[in-house]
Amino acid sequence: MTEIFGIPIQALMGQLVLGLVNGSFYAMLSLGLAVIFGMLNIINFAHGAMYMAGAFFAWMGLTYWGIGYWWALILVPLAVGVVGIVIERTMLRWLYQLDHLYGLLLTFGLALMIEGVFRYYYGASGLPYSIPEELTGAINLGFMFLPKYRAWVVVVSLVVCLATWFVIEKTKLGAYLRAATENPRLTQAFGVNVPLMVMLTYGFGVALAGLGGVLAAPAYAVSPLMGSNLIIVVFAVVVIGGMGSIMGSILTGLSLGVVEGLTKVFYAEASNTVVFVVMVIVLMIRPAGLFGKEK
Amino acid sequence: MSMPTEYLKISGLHAFYGESHVLHGMNIVVNRGECVTLLGRNGAGRTTTLRAVLGLTGRRTGSITVNGEEVIGMATHKITRLGIGYCPEERGIYSSLSCEENLLLPPQVGSGGMSLDEIYTMFPNLAERRHSQGTRLSGGEQQMLAMARVLRTGAQLLLLDEISEGLAPVIVQRLAQIILHLKEKGFTILLVEQNFRFAAPLADRMYVVEHGQVAAEIHQHELEEKRGFLQEVLGV
């Protein structure tokens with residue numbers, strides 16, 4: 001069998017793909033966080049809970065109402081988005097003028113409450129959600145077997161992330177968004193309904209997390225803890241990429257997933273900490289993050 | 001319904017930034033098609049008056065009507081949609097938008113706005129730099145862009161704040177021509193100006209603002225006889 005640095009290529013590629021899958025989730029979640037922070041000035045600690053809720057909604061849809069995976073891909077992000085809009089309208093909008101700390105504390109509290117509710121009803125052990133029939137099995141690439149579902153996750157996440165980037169950077173709607181992020185008062189003085197955009201931005205950001213949850217349900221176990229396990233890494237990704245940069249979040253998310261995957265191959269003990277080591281190094285060299293602008 | 005000749009009417013307006021009370025009962029009328037200038041020292045409350053019209057200050061009391069409609073309790077974007085174009089003192093060019101994106105940003109608020117072609121004929125520099133990042137433009141170009149931006153929207157009432165500030169004399173002259181041209185086209189203009197020489201020939205009427213109130217109203221034909229008074233108040 002072929003080897004690189006004494007590691008079988010099969011194992012190396014396997015971890016690389018797994019890293020890309022993890023990176024896809026990092027990218028989707030940190031993208032939502034970046035968009036929300038830019039527009040609302042809120043560090044959304046409830047993001048992990050929204051991701052977890054997305055996975056649970058998919059599971060509940062299938063178990064209670066027989067709504068399959070494909071419908072869940074569309075319906076669950078909508079449902080999570082609506083939950084987000086309700087949260088924005090009833091709670092977050094009172095905090096925009098205040099220090100970041102208030103938004104962070106409120107969303108952190110929300111995350112604990114949402115997690116607590118699911119834990120109370122479903123326990124912490126995790127529920128199975130099977131891969132849809134169309135995506136089971138693997139493709140033989142010659143040098144490795146590529147599980148179809150993993151490839152699917154990476155492709156969907158890439159498409160969604162790049163579409164989001166395109167809308168924000170290249171369209172008229174995106175111009176409103178960029179303008180409202182940079183100078184909300186003036187943008188409203190030009191006649192743009194900024195409060196509405198803020199509301200929809202939060203809805204969209206958490207809908208991305210919800211979509212991440214649906215994609216994650218067949219890949220990992222559906223558990224109330226899946227969000228808080230992920231969100232800490234995602235925050236590190238956001239810090240490394242630089243708060244508020246769209247492309248930065250996407251690229252950083254994917255590459256840190258890969259770095260994590262490769263660390264698992266070469267020095268498995270460090271795989272859980274490597275992201276934070278990278279964070280420390282980046283903060284020492286570029287405090288605003290790799291893609292962030294210094295103020 | 002006949003259109004009121006008072007296009008903008010501010011009566012008994014008080015405005016606050018947090019705890020500080022900036023406007024103390026402003027009374028201003030701008031008639032349809034008129035160009036009115038607010039003169040006064042820095043901090044007298046002229047910029048705040050423009051901002052208060054759009055609801056960009058803190059709390060405000062009193063009355064502001066635009067085209068007969070009361071706007072004191074209205075959301076900012078709804079006030080603008082009554083047909084107002086705003087050119088802020090700091091120009092407000094977005095760095096995350098290109099020159100042309102800046103130009104196309106404000107939504108239409110009325111009919112009869114200039115087309116992109118007309119604007120590029122009026123401001124050829126902007127056409128050349130349409131793909132540059134907004135804040136990479138020179139100070140003069142940014143001011144032109146801020147002006148051009150409100151002409152596209154079909155706004156009939158223009159609130160222009162210190163548009164001649166910090167610009168080369170050639171560009172100031174050019175701006176004066178543009179204002180005259182806009183007056184001919186029937187725009188209603190409320191101008192806040194520090195530069196008396198620039199503002200005096202353009203304005204039909206002037207208000208002298210002091211301590212958040214109107215201290216005097218001067219018509220164009222009274223300019224000569226009141227020159228001494230103005231020099232005293234404005235230090236020009």
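A residue is called buried here if 20 or more other C-beta atoms lie within 10 Å of its own, exposed if 12 or fewer do, and partly exposed in between, with the C-beta atoms placed from the backbone. By that count Val29(B), with 17 C-beta neighbours inside 10 Å, is partly exposed.

Before I go on, this is a predicted model, in which local features need pLDDT of at least 70 and side-chain atom pairs count only at pLDDT 80 or more, while totals for chains, interfaces and linings use all residues. Residues are numbered from 1 along each chain as its sequence is written, and chains are lettered from A and ligands numbered from 1 in the order in which they are written.

To stay with Val29(B), this residue sits in strand E2 of chain B, residues 20-31, where helices (H or I, at least four residues) and strands (E, at least two) are DSSP runs numbered from the N terminus. Apart from neighbours within four places in sequence, Val29(B) is in contact with Glu6(B) and Lys9(B), a contact being two C-beta atoms, placed from the backbone, that lie within 7 Å. The C-alpha atoms of Val29(B) and Glu6(B) are separated by 6.4 Å, although the two residues are 23 apart along the chain.

Turning to chain B as a whole, we find nine helices and 10 strands. Buried residues make up 45% of its 236 residues, and of the contacts in chain B with a separation of 6 or more, 70% are between residues 24 or more positions apart.

Now to the sheet, for which two strands pair if DSSP finds at least two bridges between them. Six strands of chain B form an open sheet with mixed pairing, in the order E6-E7-E8-E3-E9-E10; the edge strands, each pairing on one side only, are E6 (84-87) and E10 (213-219) of chain B. Within this sheet of chain B, strand E3 (residues 35-39) and strand E8 (residues 188-192) pair in the parallel sense over four bridges, and Cys35(B) has Ile189(B) as its bridge partner in E8(B).

Finally, in chain A, helix H1 (residues 9-40) and helix H10 (residues 246-266) pack at an angle of about 150 degrees with their axes 6 Å apart, where axes are lines fitted to C-alpha atoms, for helices over the stretch in contact, and angles run from 0 to 180 degrees between N-to-C directions. H1(A) is therefore roughly antiparallel to H10(A), given that angles under 35 degrees count as roughly parallel, over 145 as roughly antiparallel, 65 to 115 as roughly perpendicular and the rest as oblique.
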